[in-house]
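Please read these notes beside the model, taking the points in order.

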Amino acid sequence: MRADDMILVSVDDHVVEPPGLFDGRMPAKYADRAPRVRRKRSGVDVWTFEGQDIANLAINAVAGRPREEYGIDPTSFEQIRPGCYDVHERIKDMNAAGILGSMCFPSFPGFAGRLFASVDDKDFALATLQAYNDWHIEDWCGAYPGRFMPLALPALWSAEETAKEVYRVAEKGCFAMTFPENPAVLGYPSLHTDYWDPFWQACSDTGTVPCMHIGSSSQLVVTSDDAPVEVMITLQPLNLVQCATDLVWSGIFLRFPQLKVALSEGGIGWIPYFLERIDRTYDRHRAWTGQDLKGKLPSELFREHVITCFIDDPVGVKLRDQVGLDMITWECDYPHSDTAWPDAAEALEAELAGLSDEEIDKITHLNAMRLFSYDPFSVRPREHCTVGALKAEAGDHDVSIKPSGQTMSQGAVTAAAVQAKATA
């Protein structure tokens with residue numbers, strides 16, 4: 001299959017929230033407390049919330065820049081592509097790259113909304129969270145029906161409130177919700193308790209997929225404070241290896257046999273070894289640990305319940321049958337530095353060379369459509385959804401890589417410094 005004939009649906013991109021997001025969406029009694037963007041004297045744009053400045057307004061939103069300008073910056077709207085925060089420009093960027101559908105994770109609230117959960121006034125926190133979710137569903141995704149898969153934030157401070165939010169947003173057509181890959185790190189009950197059962201039940205009832213993104217628990221694997229940032233970047237998938245291990249042994253999938261969970265930006269090349277390891281662990285140790293998976297192998301539970309996601313993973317693609325072909329999905333990761341945008345289709349064509357058309361269709365869009373209750377073909381004809389058709393629709397929209405002319409962070413950066421800024 002040629003790149004132009006593929007249909008691309010990305011299950012992991014990011015939105016940089018625009019100023020004015022909360023305007024007109026907060027209850028009147030909370031309007032003055034709504035998060036807002038302000039520009040500091042240094043020229044840095046920050047979100048302000050409950051008296052604090054949020055430093056990660058557009059962290060790593062570097063799409064469109066040469067690689068020598070990658071880093072933890074930018075720090076202002078002028079330093080990023082308008083497609084990061086303007087939905088109309090985002091559609092142009094998607095069309096120019098041939099990308100039909102996108103799921104967009106948040107930026108300043110944290111990947112799983114931990115910023116809003118940190119507020120003591122939970123009524124206000126819920127109002128802010130729901131305003132965000134409504135904006136995301138109605139304004140961002142609703143602006144272009146069939147082009148986005150809505151993704152809601154959870155009310156992390158309460159499993160019951162989170163469950164209610166699952167039901168509420170499902171009524172609006174949203175069937176995915178972010179969730180931390182390790183809630184215990186944030187001070188909440190772990191995946192090994194039954195505390196979150198109302199949430200899992202709500203997801204099972206509605207077909208909602210909890211999406212556990214690397215870094216959503218605010219912690220990445222860092223070996224030492226002075227380790228270079230390459231150490232952290234290399235080890236990022238281990239967050240989701242840990243998460244997958246928790247999920248398999250937690251009993252969640254036994255209690256909720258309809259539940260599907262996505263490991264967002266986790267890659268897939270590690271999975272065959274992981275599946276061998278958990279099966280061996282079960283075989284060798286269940287006699288004394290008392291673990292009982294009710295006639296299932298751990299690898300069977302994983303393949304039945306865990307949606308896997310990759311950006312660029314040649315080894316995982318080669319081992320696709322061992323990973324579980326029907327659960328593999330593709331990510332673009334726009335506008336972060338791992339993205340292949342605007343050449344994602346061409347990069348994916350090379351990576352999927354040798355696969356059958358049926359396998360390519362599953363990985364590029366059919367699995368995502370099935371697993372996330374997403375039906376773009378109900379909005380636009382399939383022949384208008386291909387890479388070639390979308391690129392033709394984009395016309396002469398400029399996606400050339402250009403130096404920004406802005407001074408970015410340069411030189412050696414430690415992993416601890418990057419994590420501190422990312423979780424500020």
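1. Helices (H or I, at least four residues) and strands (E, at least two) are DSSP runs, numbered from the N terminus. Helix 13 gives the most to the lining of the second largest pocket, namely 4 residues, and helix 6 (229-235), like helix 13 (344-351), supplies at least two.

2. This is a predicted model, in which local features need pLDDT of at least 70 and side-chain atom pairs count only at pLDDT 80 or more, while totals for chains, interfaces and linings use all residues. Residues are numbered from 1 along each chain as its sequence is written, and side-chain values use heavy atoms, with hydrogens and water left out.

3. The second largest pocket (an open set of points on a 1 Å grid, with protein on both sides within 12 Å along at least five of seven lines) holds about 430 Å³ of space. Of its 22 lining residues (those with an atom within 4 Å of a point), Phe310, Ile311, Asp312, Asp313 and Asp338 are the closest to its centre. By class, this lining has 11 nonpolar, 5 polar and 6 charged residues.

4. The structure also holds 1 cavity of 30 Å³ or more, a cavity being a set of points where a 1.4 Å probe fits but cannot get out. About 50 Å³ of space lies in the largest cavity, and the residues lining it include Asp13, Arg90, Cys332 and Trp341.

5. Which helix supplies the largest share of the lining of the largest cavity? Helix 1 does, with 3 residues, and the lining as a whole divides into 5 nonpolar, 1 polar and 3 charged residues.

Key. Points joined across faces, edges and corners; volume = space filled by probe spheres on them. Nonpolar A, V, L, I, M, F, W, Y, C, P; charged D, E, K, R; others polar.
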